[in-house]
Amino acid sequence: MTSETPSPALPLTGVRVLELGNFIAAPTAARLLADFGAEVIKVERPGKGDELRNWRLFAGDTSMLYRTINRNKRSIELDLRSEAGLAAAKKLLATCDVLVENFRPGTLDKWGLDAATLAEINPELVVARVSAYGQTGPMSDRPGFAAVAEAYGGLRELVGEEDRPPSRVGVSIGDSIAGLYAAFGVVMALFQRQSARATGATPHSPLTQQIDVALHEAIFSMMESLVPDVSAHGVARVRTGGRMQGIAPSNAYPCSDGDVVISGNADNLYPKFMRAIGRPDLADDPDLATNAGRWNRRDELDEAIGAWTGARTRAEALEVLEAADVPAGPIQTAADIIVDPQFVAREMVQTLDVDVAGETKQVAFPGIVPVLGDASLPVRHVGPDLGADNDYVFRELLGLSDDEVAALTA
């Protein structure tokens, strides 16, 4: 069981979402909607549930990854491939505002939930689909995870050291970005539906408009001027480790007790930065007045900065840089974040009671972004146990009998 924290009226209160999602992308979209008040009903396979329940599982039967990605949602067990399960899903969709899914394109059609059927069930249903390559195009039917999308969309080529194979970031960033876009698309569609109703226009149906988010396109959209630089100038970005190509000095630097990241690359900041570390000669060098000149001498600058930080603790270095108004910060671990005063002040780390292998523990979880007001909204509850809301959904919402519920969850 999980504890639930009461919350005030939220922007999406009254919106009901059916999530047919597995893993991270679609569940992230639905989590964002749930965070701000939508009632999200997550459909999971009877007995097994979302595979994310077993990812990074250290104890018990439900991972903290699942508890995090699926917070503030309801969980029901339903087999969409069965006749009874499909009938229940259709009945439930008639009561929903939004459908979010991330199956391979065509899967829901095979199960009897094609666009025409969805439009017949609920003519104003907002449908958001997340897939590897989108719903159209020559690669639309291919499977793919975030790792492949990050490579295909241009990100992986830029991550790591120039003389080594590409690396990946330590989270499924492609899934998360796609989830953000899907949630944004849903909110746009809900606003559009509301506007259509207000003006007497016909709102879109699943036949006339669907939100189509491809993992690789979500990544590609984050690649800044990667393609324009090649197209206009023939200049290709390359891996630069902790640096950003064409921008200096901006890197990670070692202190005596850990590392810090310093971004002193703005033209007005750079001279203050150099004077703060006792290098007025570099501050006043006319060849270093712009980013282009500093990038050409990036190794020299990083060596000077590293020598200065290496002779100090992180606290000592950051105190000097803060006084000089130079953007800098420590590279924090999870343990650092939990007690960090800035995270604490904005309630971005929240402690909730969670069943961990039969023992109730207080577990720290990330707060809700963006902040509405002064601090994070409260996380109402962590990702639910499998089928925790079967009774509420099947009996109260759908009015099914005991025998019908038993057949659905078998």
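Contact here means heavy atoms within 4.5 Å. The views come from a predicted model, in which local features need pLDDT of at least 70, side-chain atom pairs count only at pLDDT 80 or more, and totals for chains, interfaces and linings use all residues. Residues are numbered from 1 along each chain as its sequence is written, and side-chain values use heavy atoms, with hydrogens and water left out.

**View 1. Asp97 and the residues it touches.** Look for Asp97 in the loop between α3 (83-93) and β4 (98-101); helices (H or I, at least four residues) and strands (E, at least two) are DSSP runs, numbered from the N terminus. Asp97 has a relative accessible area of 17%, so it counts as buried (under 20%, with a 1.4 Å probe and protein chains only). Leaving aside residues up to four places away in sequence, Asp97 touches Gly14, Val15, Arg16, Glu124, Leu125, Val126, Leu190 and Arg193.

**View 2. The largest pocket.** A pocket is an open set of points on a 1 Å grid over the protein atoms alone, where a 1.4 Å probe fits, with protein on both sides within 12 Å along at least five of seven lines; lining residues have an atom within 4 Å of a point. Of its 27 lining residues, Arg31, Thr68, Val171, Phe365 and Pro366 lie nearest the centre. Two or more lining residues come from each of α1 (25-35), α2 (64-69), α15 (334-339) and β11 (359-366).

**View 3. The second largest pocket.** Here 36 residues form the lining, and Asn22, Phe23, Asn102, Phe103 and Arg104 lie nearest the centre. The elements giving two or more residues to this lining are β2 (39-44), α4 (107-111), β5 (126-131) and α6 (146-152).

Key. Points joined across faces, edges and corners; volume = space filled by probe spheres on them. Buried < 20%, exposed > 50% of the residue type's maximum accessible area, 1.4 Å probe, protein only.
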